[in-house]
Amino acid sequence: MDAFRGRTQTTQGIWIARATGIDPCTLIMDLEGTDGRERGEDDTAFEKQSALFALAVSDIVLINMWCHDIGREQAANKPLLKTVFQVMMRLFSPRKTTLLFVIRDKTKTPLEVLEPVLREDIQKIWDSVPKPPAHKQTPLSEFFNVEVTALSSYEEKEEQFKEQVMLLRQRFFNSIAPGGLAGDRRAVVPASGFPFSTQHIWKVIRENKDLDLPAHKVMVATVRCEEIANENLAKLASDEDWLELEEAVQSGPVLGFGKKISSILDKYFSDYDTEAVYFDESVRTTKRQHLESKSLDLVYPAYQAMLGHLRAKALNMFKEQLEQALKIGEAFAGAVRDCMETSLAEFDHGCVDATVQQATWDSLKTREKLRRDIDNHAASVRATKLSEISAQFEKRLSEALSEPVASLLDAGSRDTWPSIRKIFIRETDSAISGFSSSISGFEIDEKTANKMVENLKEYARSVVEKKAREEAGQVLIRMKERFSSVFSQDSDSMPRVWTGKENIRAITKDARSRSLKLLAVMAALCLEETTDKSEEKTDKIESVLSSALLDNGDGSSAIQERSVSAIVSPLASSTWEEVSPSDTLITPVQCKSIWRQFKTETEYTVGQAIATQEASRRSSTFLPPPWAIVALLILGFNEFMLLLRNPLYLGVLFVLFLLVKALWVQLDIASIFQHGALSGILQLSTKFLPTVMGILKRLADEGQKVGASSNNANGSVQHVPLQDQESDFSSQGSSSASNLTYSSSLTHRQVGNVDMRVA
């Protein structure tokens with residue numbers, strides 16, 4: 001306060017005291033000056049906070065203003081008032097504070113002239129302040145009462161200054177009365193709550209960041225550096241080199257991508273540094289970081305596109321190399337590892353080339369995605385290859401098992417299932433050995449490998465089971481073929497000729513027994529058992545079937561009636577004893593039905609054989625009974641002696657015999673009368689005349705040939721004795737008859753064979 005010591009700050013912080021001699025009780029707050037040099041231009045937050053605190057707490061606020069500062073922007077505290085007004089409307093409700101502007105060192109300019117100017121400036125500040133929606137249309141008078149007074153210069157007019165101060169002091173007496181300085185105040189706080197209220201208001205003001213405004217040079221640097229940054233960012237966005245690079249990277253990888261991008265960015269960052277070098281360093285650095293962030297955001301999509309091309313290129317390289325490696329026979333797991341290392345190394349090399357110096361981007365996510373893609377492709381190829389290998393060995397098993405199993409089942413012998421089991425074990429072990437060797441290069445874990453081997457075993461078993469069920473579905477056909485083969489062929493596999501000596505009953509029983517054996521073999525799947533157990537199981541099934549079907553089928557009806565329960569009981573079930581339902585191919589009930597149908601369809605063949613045998617017996621008996629022969633000898637003695645006395649009759653009879661023999665052979669009398677006398681007579685009536693005409697024609701042709709040969713040899717006709725002609729004719733007739741007899745025999749056998757097969 002000593003003028004001789006110089007001009008310094010007289011008030012620091014906020015001081016508060018009770019005014020003496022003023023009624024009612026009035027508290028006076030003295031605030032630190034708003035433009036003191038002690039805090040400097042960079043520390044203006046406290047003066048704004050204290051000004052807002054004064055407006056929020058006080059009913060009357062005295063604002064000192066030098067007279068010559070009226071009309072100026074900064075000296076008149078306009079920025080301060082603008083900030084304080086804006087924050088006050090947002091934080092506090094209207095409470096009608098009186099703003100008393102005290103004009104210091106009044107000049108010759110009248111107060112009446114200065115006051116309108118000051119009020120107009122205050123109103124402009126209020127109108128320009130951004131207001132919250134609740135106070136968009138709120139006038140200044142809702143928040144403040146504006147009063148203006150003036151004081152003369154203390155140094156030049158000390159007495160007048162003191163008088164004016166005393167007058168101003170008088171205005172504070174009864175200031176809350178109507179018409180006083182604070183006569184229309186609102187939201188009055190009781191004295192007991194005043195400390196808490198002021199504490200809360202100060203806390204709210206301290207936490208508000210809008211009052212932490214920068215200094216003037218900081219604001220200028222902020223605005224200008226932001227403009228420079230935006231200009232360079234716009235130039236970067238329209239740069240031709242950048243646009244060409246951006247377009248090129250969309251279609252494929254660009255060599256030297258990182259260096260080109262870094263060069264372009266470095267150019268515009270350098271331009272920014274050159275233009276903003278003279279501004280505040282902190283602001284310049286902040287805005288440069290902002291420019292870098294925006295610029296990197298601009299080029300980041302291109303960088304991502306570049307990484308995408310590198311990832312696709314590396315993935316395609318992996319696919320091609322893996323395919324080539326597998327073609328030349330490399331192990332799958334080793335080929336995958338080698339190709340993966342090569343592809344990832346190529347990707348890493350491309351990422352180094354695409355690295356932007358100004359950025360800290362990481363390509364790990366893209367690399368991990370590439371690795372996942374490689375793993376997925378490798379897994380897909382592995383699954384495909386394993387599936388192909390499995391299909392290959394399954395096909396091999398199917399080819400190795402289907403035909404042998406079908407052949408063995410068709411044979412239907414006692415060792416059918418042991419033989420099938422041996423083939424099954426041999427082929428399965430061979431396939432498993434080859435399969436294990438084929439998948440060893442995949443480095444599959446033991447559990448998975450064992451599961452695949454088990455699947456292959458199950459497939460082999462399914463092949464056998466499927467073929468067995470197919471053959472079981474055709475068991476009736478197989479049984480009929482077996483029956484026909486045994487019944488119609490002898491032990492040398494030659495067709496049987498039913499001459500009357502064969503025991504058809506025994507042959508039929510043997511054929512049915514072998515067919516029943518085939519049914520027993522087909523009834524159950526005996527693949528898992530050992531040789532002894534499978535044979536024992538087959539024997540048990542055959543025994544049940546034989547006792548229930550074969551033995552009772554050949555007995556008398558009385559025996560069948562007595563053993564009805566024995567027949568029905570073993571086959572009245574859907575499963576066999578000691579055979580699981582899954583291994584049952586033909587149930588006992590089905591066996592009974594199949595056997596009944598089999599017997600029905602084979603009885604005709606047996607009947608045909610019996611009929612053929614009876615016909616053969618009848619046709620082979622040509623001699624009359626002995627009594628007839630004796631009668632012929634006694635009664636025909638005279639005729640026999642006549643033939644001996646006259647040999648000519650004997651020659652005629654011999655010729656007639658030859659003619660009858662030729663007709664017998666040509667007409668095949670035995671076969672004609674095989675099916676009955678009536679049908680034989682009808683056939684003989686149609687064939688007799690053509691056959692006689694054919695024989696006579698042949699005799700005429702033979703005579704002409706003999707005559708022609710005689711004329712050519714001797715030039716004259718030579719008469720051949722009748723006896724010689726008869727002898728030649730007899731020899732020819734005998735030969736023809738012999739041939740015809742053999743032909744007839746063959747024809748008879750063939751006809752019999754055809755009958756049996758058709759039956």
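A residue counts as buried under 20% relative accessible area, as exposed over 50%, and as partly exposed in between. The model here is predicted. In it, W361 has 25% relative accessibility, so W361 counts as partly exposed. Y300 is also partly exposed, with a relative accessible area of 33%.

These two residues meet. A pair of aromatic rings is described by the distance of the centres and the angle of the planes. Y300 and W361 form an edge-to-face pair, 5.0 Å centre to centre with 65° between the planes. Y300 sits in helix α9, and W361 sits in the loop between α10 (332-354) and α11, so the pair ties together parts that are 61 residues apart in sequence.

Now take the two helices themselves. Helix α9 spans residues 281-327, and helix α11 spans residues 364-411. They pack at an angle of about 25°, with their axes 10 Å apart. Angles under 35 degrees count as roughly parallel, so α9 is roughly parallel to α11. The crossing is right-handed. On the α9 side, the contact includes L307, L315 and F318. On the α11 side, L370, I374 and V381 are among the contacting residues. The contact residues divide into 10 nonpolar, three polar and five charged.

W595 is buried, at a relative accessible area of 4%. F598 is buried too, at 0%. Ring pairs link W595 and F598 with F483 and F487 into a cluster.

Methods: Residues are numbered from 1 along each chain as its sequence is written. This is a predicted model: local features need pLDDT of at least 70, side-chain atom pairs count only at pLDDT 80 or more; totals for chains, interfaces and linings use all residues. Side-chain values use heavy atoms; hydrogens and water are left out. Axes are lines fitted to C-alpha atoms, for helices over the stretch in contact, and angles run from 0 to 180 degrees between N-to-C directions. Helices (H or I, at least four residues) and strands (E, at least two) are DSSP runs, numbered from the N terminus. Angles under 35 degrees count as roughly parallel, over 145 as roughly antiparallel, 65 to 115 as roughly perpendicular and the rest as oblique. A crossing is left-handed if the near helix is turned anticlockwise from the far one by less than a right angle, and right-handed if clockwise. Contact means heavy atoms within 4.5 Å. Ala, Val, Leu, Ile, Met, Phe, Trp, Tyr, Cys and Pro count as nonpolar, Asp, Glu, Lys and Arg as charged, and the others, Gly among them, as polar. Rings of Phe, Tyr and Trp (its six-membered ring) pair if their centres lie within 6.5 Å; planes under 30 degrees apart count as stacked, over 60 as edge-to-face and the rest as tilted. Buried means under 20% relative accessible area, exposed over 50%, partly exposed in between (1.4 Å probe, protein chains only).
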